[in-house]
Amino acid sequence: MSFATYCQLVEKITQWNYAYHVRDESLIEDAEYDAAFIQLQTIEMAHPEWVLPESPSQRVGAPASSSFQKITHEMKMLSLSNAFSLSDTWDFFVKAAKELECDVDTLPILSEPKLDGLAISLRYEKGILRYGATRGDGQIGEDVTHTIKTIASIPLKLFTQDPPEVFEVRGEVFMSKAVFEQINVLAQQENGRLFVNPRNAAAGTIRQLNPKIAAERALQFMPYGIGAYLGEKVFTAHSQILTYLNTLGFQINSNTRTFNATERAFDEDYQRMAALRESLPMEIDGIVYKIDYLALQQQLGFIARSPKWAVARKFPAQMVKTTLLDVIFQVGRTGVLTPVAKLKPVFVGGVTVSNATLHNMDEIERLGLCIGDEVEIHRAGDVIPKVVSVVAQSEHRQRIQMPARCPICQSEVNRIDNQAAYRCSGGLICGAQIAERIIYYASRDCMNIKQLGRVLIETLCEQGVLNSVAAIYRLTIADIARLDGQGEKNATKILAAIDASKKTTFSLFLTALGISEVGEEGAKNIARYFKNLTALRTADIETLLQVPDVGAVTAKNIHAFFSQQENNQLIDALLAAGVHWNEENFEPRYTPLSGQIWVLTGTLQLPRKVVKETLETLGAKVSGSVSAKTTCVLAGELAGSKLLQAQTLGVDIINETQFLALMHTFDINL
């Protein structure tokens, strides 16, 4: 390693920092940045005479953007050292204990999730919010007070009659996963710029010059500590500070905990948070471990860039680069062709990934993607990996084209009117659609044929035993018992479940038919309107448009479905097999909540499905997102962005106790 190479590394990391902190652009994935920074620190430890004043190790981030007023932090905002394993974490605190001249297992540790957001300092003077500033380079940040004030979880006045003279609250501004998805869906509909991740979206939002845009995006804030402080209250532990912040009106992370430093305790805590990670409403990229006692923190002090009493253990990278080797097209149950990326295998999010979703051809065009390109992929938990950007174009790149013929049955492929999707015209003659249609028909939300799962259905289709949905009711014990892992006893149970499925409801039967654009709610509206199958089969498009919430596209799809001879033959075969329902289920009913839109959020004691079905029985619609049209929000414990959005919009909010009381007025006891 030469001094010139070291200088090049300093320059490279400086450019990455500038792009990330000033321009809100991630030029590389976190794992590559972390590796480069560790390399820089290793070089500087070996050659302290080489250390440049402008080295990234001597500062925290990039300079403040010139678009905003600069603010000098009274107390420097520092970053954290990183650990990537249990041994890294343990070694960090063993070293701290050695410097403190104490046993490591006597160290009190505070653990808190590392939110993947934007570090912010809030300055309060006599309890009133004076300004909010970004971290910037640690010494000088950007004044973003105009957007900070739009965040509902930041009190404009501290909740106390005896506020400190000066109080700087340090924390993280972040965007929930749900809000992030909503913003990107809207941006895609309007052909706007998509955000790569919630952190990128939060950073872009907080730097908006127009606070109205920030207000619409329901940002949140959670504190992790304090900066400058001038007050009478004396703190002895970091956990005590967090408790105090909670009393002042700040939301504290409920997954914060304390324990004594042992390897087992660190490992158990890491496994606990790793298991919770995907269920959390916000993104986290690791866990921060701090020595809890402030006296010990002060005794250890700082190095140039970070405290010697805190470390961040990072989770495995969720964003990595790889090469797009090919694109194949899968055919779904409705005949829609979905492009799937075949990737050079890469380790991401704890697993090796070789496939990723590309959604549709419009998404491929938006990305400017070709076979052979180097791409960035994102994977979070059990979520299917997706390609998020093209990193480098290949010299021999090949254009991706939708096939003119179905890869399964060779029928013609056509684009669906006014949609990004393409569909195979083969219908019931397409092998892929037959298997998927049977799987869908038998699924829990349709005919609920227990134990007749995907693997068994695919096996029976491959062997030619199942060639249509109606063939389910012609299965024999011998058809199933001869298969590996089945047997006569299991086959008998499956046939009993098939026989039980014959008694259903009109709406579930319609759902199970798999008509394009007709889901569970749409099927209920159709069944309630027509009351019987004969009236529905003979309805024209104008009549179908009279059904509540059935638009032009859905009406066209329903009419086309019942106009096809093959589909009517299938329905007749199902009825002949004994499928039936009680049409009297669709008589007019008591609907006191008709026209209302409800949203459920947070953890409820009652099963969500029960609450949803009860509200729908009373005439309400249950939506997944809050808007100005929302009638009421039922908020359980740990309610997040939906609750904040409802508060911002002035939507009525009730808790579960109030909900039960309301149901009691309708003579419904849950």
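Student: Which helices do the buried residues of α17 pack against?

Tutor: Contact means heavy atoms within 4.5 Å. By that test, the buried residues of α17 pack against α16 (506-512), α18, α19 (541-544), α20 (552-563) and α22 (608-617). This is a predicted model: local features need pLDDT of at least 70, side-chain atom pairs count only at pLDDT 80 or more, and totals for chains, interfaces and linings use all residues. Residues are numbered from 1 along each chain as its sequence is written, and side-chain values use heavy atoms, leaving out hydrogens and water.

Student: Which residues are buried in helix α17?

Tutor: Buried means under 20% relative accessible area, exposed over 50%, and partly exposed in between (1.4 Å probe, protein chains only). Helix α17 covers residues 520-530. Its buried residues are A523, K524, N525, I526, A527 and F530. An α-helix has 3.6 residues a turn, so residues three or four places apart point the same way.

Student: What follows α17?

Tutor: K531 does, and its phi is positive, near 70°. K126 has a positive phi of about 55°, although it is not a glycine. K126 sits in the loop between β4 (118-125) and β5 (128-134). H359 has a positive phi of about 70°, and it is not a glycine either. H359 belongs to the loop between β14 (351-357) and α11 (361-367).

Student: Is K126 buried or exposed?

Tutor: K126 counts as exposed because its relative accessible area is 57%. H359 has 43%, so it is partly exposed.

Student: How do I read the packing of α12 and α13? At what angle do they pack?

Tutor: Axes are lines fitted to C-alpha atoms, for helices over the stretch in contact; angles run from 0 to 180 degrees between N-to-C directions. Helix α12 (residues 431-442) and helix α13 (residues 454-462) pack at about 145°, and their axes are 10 Å apart. On the α12 side, A435, E436, I438, I439 and A442 make the contact. On the α13 side, R454, I457, E458 and C461 do.

Student: Where is L570, and which residues is L570 in contact with?

Tutor: L570 is in helix α21 (residues 565-576). With a relative accessible area of 12%, L570 is therefore buried. Set aside neighbours within four places in sequence, and L570 is in contact with V469 and A470. Look at A471 too: 99 residues separate L570 and A471 in sequence, while their C-alpha atoms are 9.7 Å apart in space.

Student: What about A535?

Tutor: A535 lies in helix α18 (residues 533-537). Its relative accessibility is 27%, so A535 counts as partly exposed. A535 and I213 are 322 residues apart along the chain, and 49 Å separates their C-alpha atoms.

Student: Now the whole chain. How many helices and strands are there?

Tutor: Helices (H or I, at least four residues) and strands (E, at least two) are DSSP runs, numbered from the N terminus. The chain has 24 helices and 24 strands. Its C-alpha atoms fill a box of roughly 85 × 65 × 50 Å, taken along the principal axes.

Student: How many residues of the chain count as buried?

Tutor: Of the 670 residues, 50% count as buried. Take the contacts with a separation of 6 or more: residues 24 or more positions apart account for 66% of them.
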